[in-house]
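Reader: I have not looked at this one before, and I would like to go through it slowly. Could you show it to me and then take my questions?

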Amino acid sequence: MDDKPYLRVLRDGRIAVSLPSLNTVRIYDASGAVKGTVTTEQDPLSRPYGMVETLDGKLWIVEGGIGRVRQFPIP
Amino acid sequence: MTARSIPAPRVARSAPLERLLSIRIALTWELAIYVALFAIAFGLRFWDLGARALHHDESIHAQWSWGLIQGNYRHDPVFHGPLYYHAQGLVFLVFGASDYTARVSPAIFGMALVALPLLMRRWLGPVGTIAAVAFLTFSPTVLYYSRFIREDVYMAFFILAMAAAMWRYMASGRDRWLLMFALAFTGSMATKEATYLVVAVFLVYLDVLVATELTEQSMKANGQAERSRRIAGIVFTAPFAWAVVALWPFLGGVRRSFSWSALPRSGDVLIILGTLTLPLLTALTAIPLEHFSVVDKGRLVCRADMPARDSMAIGGLFAITISGAAFVGLQWRPRTWALIAGACAFVYLTLFTSLWTNANGICSGPWGGLNYWWSQHDVVRGDQPWFYYYLLMPAYEFLPLVLCIGGAWWSLWRGNAFSRFLWVWLGGTWLALSWAGEKMPWLNMHLAVPACILAAWTVQRALTAWQPREDLRRAILPLASAAVVGAGGLVLAAYLPGSGALPALARVGVVVFAAAVAWWTSQPFGRRALGTFAVVAAVGALSFFSLKAMIGASFERGDVPKDMLIYTQSAPDIPRLMTQIDALAEATGLGYDMPILVDSMDSFAWPWAWYLRDYRRVGYIDLSQGPLPTGDYRVMLVNQANIPKTDAALAERTSGIEYAKGIPYPHRWWFDEVYKSAMDTGHGSCTAKAGDCGPFKPGTWSHVFSHMGLSEWPATWLRYIRDHDLGGTIPHESVRPCGSCGSVNAAAYFPVDWDTKTKSLVLRDIAAPKPTVDASGRPMFGGFGRLPGQFTAPVDIERDAQGNLYVIDSTSKRLQKFDANGNFLATVDIRVSPGDTNEGSQPWGLGIAPDGTVVVADTFGWRIRTFTPDLVPTGVTFGKAPNPDPAVKPGEFDLYGPRDVAFDRQGNMWVTDGGHDRIVVYTLKGEFVRAIGGTGSGPGQFDEPVGIAAAPNGSFYVADMFNGASSSSARTAPTSRSSGSKAGPGAAWTTSRTCASSATDASR
């Protein structure tokens, strides 16, 4: 599958970027500094692609490697 | 009166059975030990033979053996043989075909191999013979390949039989041993071409032995005894000894002048071995003929349809070598030679012609076999370095090796002809196998066997050095103590925790202490007992690890390549999948008529051809060579290289069998060849073809010695010998139980209504799955599949103002709508004509317009499509394929892979046009507004823009994939260009605000 990153500007101005080949999503501030990472202790992300923020401030992440969409709190 | 002759009383003649039953066998300790050892050897060789997945080569051999009893076998030099195909075919004929019975004939030969040292008892002695039987019984290499249907256990049996018969003949002069020697040679030649290497070693040894014995005859006749004269005589005679033997009857004058009174028995063996080998070397005559252009290169090849002229040429060459051999043999001992050569030729040709049903076997055997084997030398299959067996032997046969090397003084300098023969056999074969281009772990068998015999000889020699002076019975308990102390000391040293200098010193201390205790135990028996105690302590110390290696390889993980012995091995997943296939065939009622597709790319047809031998509708198709074939295949087994292609084809199908997601499994795997890179002397990995790391290069040894630290290769190597496990991470436990091994993988596709857990057909709910939670309670929806609400390759998601979610799937081309909680609402195929297979499409991006219109970026359909919030096409479709000429400036609607979409405050859509390194702005109706950017790394320029997102302040962020990237694999923090800094090394993308901000300003 493709390794192309997706990004989403969150309501607080930070930017969520998916890194499919690293199986992770990172949160950056506008200057490019890393402000958080979406992590899981078990059942890790599987090739995350597109993301969207919910009305109540959560993040739906598409997991292309396993064919599902999962919701995470934004770190 | 005539005297009546009184008939002589009739001597009672007993029947053979009666005579057999009247044989009395005295029950001795020695016999009891043999019985126990053979019982153990039987158990080890026949226990649970079918548990391990059939190796790639095993499956070929089993399949061909199975085919033989159905008349489908013909000798092919590529697959060696044919002896063991016949042996195994006989097993199948009697017991039927199964994974267990496929390994019965190697196990039988493995048992026979263990018994052969009994024929050498005269040289090994009683204790040495027991030791030989024991070493062969428990040898990790010998046992593993005695439970493995490859040629090597058969060949090892025949070579050991040759060695035993040779010495029995040289001791007794009885022709039956010569016949056995010749038949064993024939058996080995009808098994594997590597026999040529071992025969070369035997020929060299016999030649030198003949030279030695002729020199001794000469010196004895002349009353000489000087050592230097003896050595000079051997050196002088050895180059011609073979010729002297061959022309013995014609050399009367020469013999008299050198006082050679009689042809030594070693000369008889040399004549038999030489004359039997010569015709089998005929194929080598093609080398000079091709070199001097007498025949075209590669022309003289055996095949059924070869021209009569070529047949005549090959036949003529055979006539020359056979007549040469017959000339030597018949002038030696006509009757004996004719009988032996005739018997061997009959056996050989019977096997190669498949019981006289394949005339081409007469050529494919003696000519084709050597021809193919010689050509493979340059192929260097496996590309293993020269030191390959210097790794394998210490890793598995350290017990006999330690005894061989430790007892070298006895066996070489103080030894006899037999012990020196064992050294020549071991050393010569070792060098020959190391020279050969193809090095494989199963060839280690041919080093393990002579090592075991030589080690056994050493055991007897150690005992003989002391036994006459002491009562052995009194020493049994002290000897046992030495063994236990040796074992305890080494086990303690091996498992003592910690690393660094101090623990290493402690380990050395433990070993020294154990050796001192063993030495102290031997003291009451005198100095000459020390050797025996040392040997017993060494055997005791190493037995634990030898048994551990043996059990691990043969019984615990025989098909998981943590052992160097395991190479191109079929993974255990294959028989496990086979149980699923059999269960599915039964559940569907299709039985052996169930259609199955096997991707044959990269020889993936094996071992499936064996496992699916009973199935009548199996298609073996190379999926890399064309589209996924249509057909009602209930199971598809697909090479990993063709998985994306298969998934894409299945996602586009609108009819036929629906499959669940492919189950990934390792198909073939092998031991991690980390030793190649460990021997990198500055020229890359050390292999047969590369690395500049030969044994005669100073750099090789400086590399070895410069890494002899406590934490470097010696520690790694000792740890491997202890554990036989390199460790390493295990990325996906269910897929790869072996963390560090290499593999080629595959996927098995079963119908979606097949439950692999219960092995039964189930009724699947066709309704969309409900949202659920993961193991940590996080909400989730979807799942792999083609039901509504499921995905095959989801890539992007958007949310509308009401919170509804839209997900686009790149392979199924479906756009699906869900409510805010993930409940399925609607679906649509985004293609214009979904039934048209020529319509290109692969959507990767989504956007939601302020009015709720859903916009799809169909990346490889080169277009934008829009849908209403209820997923009805609006009719707006624009974009076209890019101009293939990169020099032509892209037009307004040329889209070289539209990747993603975002909207500005005016409701215009911003589309990332990845291949053109630009952003193109359109109205929602598809009218061109403007294009932004261009190729480059400066402000406002892009290099493969991908994701795009609008910020609340009207700015846009773009994931600019290659700008600032120094590596496509290592991605680190992004860098904002607005701050003036560039992405550092390792960054793979960067955000650009400068460009986006200016563009936003312009749009206002």
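Author: What follows is a conversation about the chains, their interface and a few residues.

Reader: Before I ask anything, what should I know about the model and the numbering?

Author: This is a predicted model, so local features need pLDDT of at least 70 and side-chain atom pairs count only at pLDDT 80 or more, while totals for chains, interfaces and linings use all residues. Residues are numbered from 1 along each chain as its sequence is written, chains are lettered from A and ligands numbered from 1 in the order in which they are written, and side-chain values use heavy atoms, with hydrogens and water left out.

Reader: Fine. How many helices and strands does chain B have?

Author: Chain B has 32 helices and 24 strands, where helices (H or I, at least four residues) and strands (E, at least two) are DSSP runs numbered from the N terminus. The C-alpha trace of chain B spans about 145 × 75 × 60 Å along its principal axes.

Reader: And what percentage of the residues in chain B is buried?

Author: Of the 1004 residues in chain B, 53% are buried; buried means under 20% relative accessible area, exposed over 50%, and partly exposed in between, with a 1.4 Å probe and protein chains only. Chain B exposes about 44200 Å², with carbon and sulfur atoms supplying 62% of it, and these accessible areas come from the Shrake-Rupley method with a 1.4 Å probe, where for residues only the protein chains shown count as cover.

Reader: Let me move to the interface. How many residues of chain B are in contact with chain A?

Author: There are 48 residues of chain B in contact with 44 residues of chain A, a contact being heavy atoms within 4.5 Å. The two chains bury about 3700 Å² between them, 63% of it on carbon and sulfur atoms; buried area is the accessible area (1.4 Å probe) that two parts lose on being put together, summed over both.

Reader: What about salt bridges and polar contacts across it?

Author: The rule finds three salt bridges across the interface of chain B and chain A, a salt bridge being a side-chain nitrogen of Lys or Arg within 4 Å of a carboxyl oxygen of Asp or Glu. Glu798(B) forms a salt bridge with Arg8(A), with the closest N and O atoms 2.9 Å apart.

Reader: Which strand gives the largest share of the side of chain B that touches chain A?

Author: Strand 11 of chain B gives the largest share, with six residues. The elements that give two or more residues to that side include strand 10 (779-782), strand 11 (794-799) and strand 12 (805-809) of chain B.

Reader: Are Asp858(B) and Arg863(B) buried or exposed?

Author: Both Asp858(B) and Arg863(B) are buried, and they form a salt bridge in which the closest N and O atoms are 2.9 Å apart.

Reader: Then Thr141(B): where does it lie, and what does its side chain make a polar contact with?

Author: Thr141(B) lies in helix 7 (residues 140-146) of chain B and is buried, with a relative accessible area of 0%. The side chain of Thr141(B) makes a polar contact with the side chain of Glu397(B) at 2.6 Å.

Methods: A polar contact is a pair of N or O atoms within 3.5 Å; within protein, one must be able to donate a hydrogen and the other to accept it, and residues adjacent in sequence count only if both atoms are side-chain atoms.
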